[in-house]
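Please keep the sequence and the model in view while reading.

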Amino acid sequence: MAIKLIAVDLDGTLLTSDHKISEATKKALQKAAKMGISIVPCSGRPFPGVKEYLEELELQGDKQYAITFNGALVFDMEGKEIVKDILNFADFTYFLELAKKYKMPFHVELEDYFVTLDKIINIYLSQESWLTKMPIKVEDFEKIPEDFTFVKGMYTGSSKRIEEFLKEINWEDFKDYNASTSDPSLFELNSKTASKGNALKKLAKKIGIKEDEVMIFGDQSNDLSMFSVPAFKKVAMGNAIEEIKEKADFVTRTNNHNGIAYALERLVF
């Protein structure tokens, strides 16, 4: 079965360690696009932090989409929502209780900006703000309305603190949510049904592409939902976590060594 859609994670997959797209990767994806294959970024980032890379790849038109916020929102290139699966005020207050319980900084992402109750912004949220090109709004809890909705929650800290946190937590606390990591300094929370895998299945169905015509590239735990779809053609980056590699059909080179281009030359072209 010919590949008609290629879904690529961003950080650690499409992007090198210095957040660039290598020339070899750019040429390979452009070649695939000229063959009529849709190139779909699948990221924990918001739409503005994804669209710039589609534009850099010069991928435009009605076959281009972006899966954002770990699958909570899917957009077309004009920014129109195709899929939406978000959280509410009750989730927000629950996450705040857990933040106190585990002594972790907590913030939320809306479509256009971050909201935090912290008066002092930590460097990890600042880094996310810079990467996603979204501002941070510091708010008082009393000013958060009961009809408040948001796309994604996140606990932030040093990689060492996040590692400790993952050992400390009672996973039952998060059983009603899709919990994952896309970066060593983040622990992210989405709606239970919001995942890259679910969003990609919905998008493929909507645009008339069969699941065995989809190829995916990923490296971290927030990509596991894609790697759990049996029909997808699964490619793990050389720098991927072991759980991703175990579920992959093919393990390519690392993100710093043109892993996407290497795999496409062997599996698609």
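**Overall build**

Of the 269 residues in the protein, 54% are buried, where buried means under 20% relative accessible area, exposed means over 50%, and partly exposed covers the range in between (1.4 Å probe, protein chains only). This is a predicted model, in which local features need pLDDT of at least 70 and side-chain atom pairs count only at pLDDT 80 or more, while totals for chains, interfaces and linings use all residues. Residues are numbered from 1 along each chain as its sequence is written, and side-chain values use heavy atoms, with hydrogens and water left out.

The protein contains 9 helices and 16 strands; these are DSSP runs numbered from the N terminus, helices being H or I with at least four residues and strands E with at least two. Along the principal axes, the C-alpha atoms fill a box of roughly 55 × 35 × 30 Å. The radius of gyration of the protein is 18 Å, which agrees with the value near 18 Å for a compact globule with 269 residues; this radius is taken over C-alpha atoms, and the globule rule is 2.2 Å times the number of residues to the power 0.38.

**Aromatic rings**

Rings of Phe, Tyr and Trp (its six-membered ring) pair if their centres lie within 6.5 Å; planes under 30 degrees apart count as stacked, over 60 as edge-to-face and the rest as tilted. By this rule there are 22 aromatic pairs. One of them joins Trp 171 and Phe 174 edge-to-face, at 6.4 Å centre to centre and with 65° between the planes. Trp 171 is partly exposed at 47% relative accessibility, whereas Phe 174 is buried at 2%.

Phe 250 and Tyr 262 count as stacked, because their planes lie at 25° and their ring centres are 6.5 Å apart. This pair links distant parts of the chain, with Phe 250 in strand β16 (residues 250-251) and Tyr 262 in helix α9 (residues 259-267), 12 residues apart. Phe 250 is partly exposed, at 23% relative accessible area, and Tyr 262 is partly exposed, also at 23%.

A charge sits over a ring if NZ of Lys or CZ of Arg is within 6 Å of the ring centre and within 35 degrees of the ring normal. The charged end of Lys 31 sits over the ring of Phe 269, 4.4 Å from the centre of that ring.

**Two buried residues**

Ser 191 lies in strand β13 (residues 186-191) and is buried, with a relative accessible area of 10%. Leaving aside residues up to four places away in sequence, Ser 191 touches Asp 85, Ile 86, Leu 87 and Asn 178. The side chains of Ser 191 and Asp 85 are joined by a polar contact of 2.9 Å, that is, a pair of N or O atoms within 3.5 Å; within protein, one must be able to donate a hydrogen and the other to accept it, and residues adjacent in sequence count only if both atoms are side-chain atoms.

Leu 15 is found in the loop between β1 (5-8) and α1 (23-34), yet is buried at 0% relative accessible area. With residues up to four places away not counted, Leu 15 touches Leu 10, Lys 20, Ile 21, Arg 45, Tyr 53 and Asn 255.

Technical notes: Contact means heavy atoms within 4.5 Å.
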